[in-house]
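Here are some quick notes from my pass through this one. Have it open in your viewer while you read.

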Amino acid sequence: MTEKLLPDQIDFNGPFPRLSRRLRLGVVGGGRISQTQAMAARLSDRWEVVAGALSSDAERAKARGAEWYFDEDRSYVSFEEMAKAETARADGVDAVMITTPNHMHFPAAQAFMEQGIDVICDKPLTNETAEADALVAATAQSGRVFAVGYAMSCYPMIRQAREIVAAGTLGKINQIHVEFMQDWMTPEDVGDAPHVKWRLDPKISGPTSCVGDIGTHAAHLAQFVSGLRMTNLRAEFHVCGSPKPLEDTVFMSTCYEGEVPGTLMATRLAPGNRGGLRLRIFGSDGGLEWDMEQAEHLKLNIFGQPDQILTRGHGHGISHATERFVRTGRGFPEGLIEAWANLYTEFAMAVAARRDGIQAPEGWLGYPTVSEGAAGVHFVDASVQSNAADGKWVSITGA
């Protein structure tokens with residue numbers, strides 16, 4: 001008899017339920033982001049990280065696996081080997097995180113999907129629209145859970161902002177502005193660092209660098225909160241610092257459903273900005289603003305009334321749905337690791353519900369899906385086309 005993970009009675013309006021056991025998570029790719037995500041998965045208290053393909057070199061894979069406290073026979077040299085071996089184990093992984101460089105996302109995700117293992121993949125989902133669409137189709141056909149690492153959508157105050165917009169508090173949306181400003185590519189010799197080289201290599205990173213890496217976060221966040229799909233864009237790529245084979249800066253005009261205009265800017269050469277992801281949405285009755293460097297706060301203005309600053313915590317205007325993502329009391333800060341943990345919490349709920357045959361009500365989970373990941377790839381493709389056409393307006397396919 002298949003083990004049951006979720007309780008028989010679930011209060012879908014209350015906190016996320018406790019599982020009957022922690023789920024088993026595998027790792028493909030051993031870079032810094034994998035360590036961040038593993039930390040967050042453990043923080044969710046719903047995952048234990050038990051296996052991985054951390055290097056294609058056998059000795060290095062063994063050594064890295066020991067650092068992660070894996071049993072020796074669960075350190076693999078390829079994701080293909082790992083997918084098959086873990087499927088054959090009674091205690092095999094329930095899901096896998098894919099944190100490789102971009103060009104390996106598709107084959108790795110495909111390998112685990114074919115073995116019936118649920119997937120959470122870093123963004124951009126793939127480097128090619130055809131590959132992204134293939135993963136969407138494979139997910140629909142298999143019924144598996146496929147999440148994408150748009151963790152910024154899992155900050156509590158972003159979930160609160162989404163509720164405010166959906167409730168019509170801002171009235172008819174008439175402008176959407178989003179930007180992601182970083183400064184870590186400012187030094188002239190930054191391209192010599194190993195973790196930077198692949199991000200500037202078109203064979204690995206794909207046709208973009210800044211757009212695919214952080215521009216996709218900005219585009220996803222704007223659509224996630226507003227509830228409006230981005231339909232068209234015009235883009236200009238720039239290299240503002242030392243010479244590079246791919247852009248380090250992009251400026252865009254954007255258009256959303258209902259002909260709602262907007263702007264999107266992203267750069268890695270803005271000294272003084274580290275996590276400068278900022279969102280502004282304005283409507284006929286009011287506006288809201290959020291800044292990731294001040295992620296605990298959400299500014300809400302109803303025209304003609306005093307500004308409101310909502311803060312993460314329990315009560316005081318924070319909805320019950322948002323409180324599910326709060327771990328500490330008001331005034332005790334939470335940040336990016338907790339946002340990642342929220343993503344891994346929802347991913348765990350989705351995996352458990354699928355395994356138990358439970359159809360969760362609409363709106364219970366808001367984790368970014370494979371379809372949203374594919375939308376990000378189509379966004380990148382449209383931006384490349386527009387830039388190549390000297391900033392011409394381009395429709396986003398699939399929008």
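How far apart do the end C-alpha atoms of residues 158-289 lie, and how much of the span is helix and strand?

1. Keep in mind that this is a predicted model. For residues 158-289, the end C-alpha atoms are 10 Å apart, with 26% of the span in helix and 35% in strand. The UniProt annotation for that stretch, from an unreviewed entry, reads "domain: GFO/IDH/MocA-like oxidoreductase".

2. Now the open sheet: 5 strands, ordered E2-E1-E3-E4-E5, with parallel pairing. Strand E2 (47-53) and strand E5 (146-148) sit at the edges, each pairing on one side only. On average, neighbouring strands of this sheet are turned by 25 degrees against each other, direction ignored.

3. If you want a pairing to check by eye, take strand E1 (residues 23-28) and E2, which run parallel and are joined by 6 bridges. Leu 25 has Val 49 in E2 as its bridge partner.

4. Two helices to look at next. Helix H1 (residues 32-43) lies across E1, E2 and strand E3 (95-98), at about 155 degrees to E2. Helix H3 (residues 79-88) also lies across E1, E2 and E3, and its angle to E2 is about 130 degrees.

5. Last, have a look at Asp 248, in the loop between strand E7 (230-238) and strand E8 (249-256). Asp 248 counts as buried because its relative accessibility is 0%, and the cut-off for buried is under 20%. Its side chain makes a polar contact with the side chain of Thr 249, at 2.9 Å. Beyond its neighbours within four places in sequence, Asp 248 is in contact with several residues, including Met 185, Cys 210, His 238 and Arg 268.

Definitions and conventions: Residues are numbered from 1 along each chain as its sequence is written. This is a predicted model: local features need pLDDT of at least 70, side-chain atom pairs count only at pLDDT 80 or more; totals for chains, interfaces and linings use all residues. Side-chain values use heavy atoms; hydrogens and water are left out. Two strands pair if DSSP finds at least two bridges between them. Helices (H or I, at least four residues) and strands (E, at least two) are DSSP runs, numbered from the N terminus. Axes are lines fitted to C-alpha atoms, for helices over the stretch in contact, and angles run from 0 to 180 degrees between N-to-C directions. Contact means heavy atoms within 4.5 Å. UniProt positions are given in the numbering used here, feature names are shortened, and annotations may be inferred rather than shown by experiment. Buried means under 20% relative accessible area, exposed over 50%, partly exposed in between (1.4 Å probe, protein chains only). A polar contact is a pair of N or O atoms within 3.5 Å; within protein, one must be able to donate a hydrogen and the other to accept it, and residues adjacent in sequence count only if both atoms are side-chain atoms.
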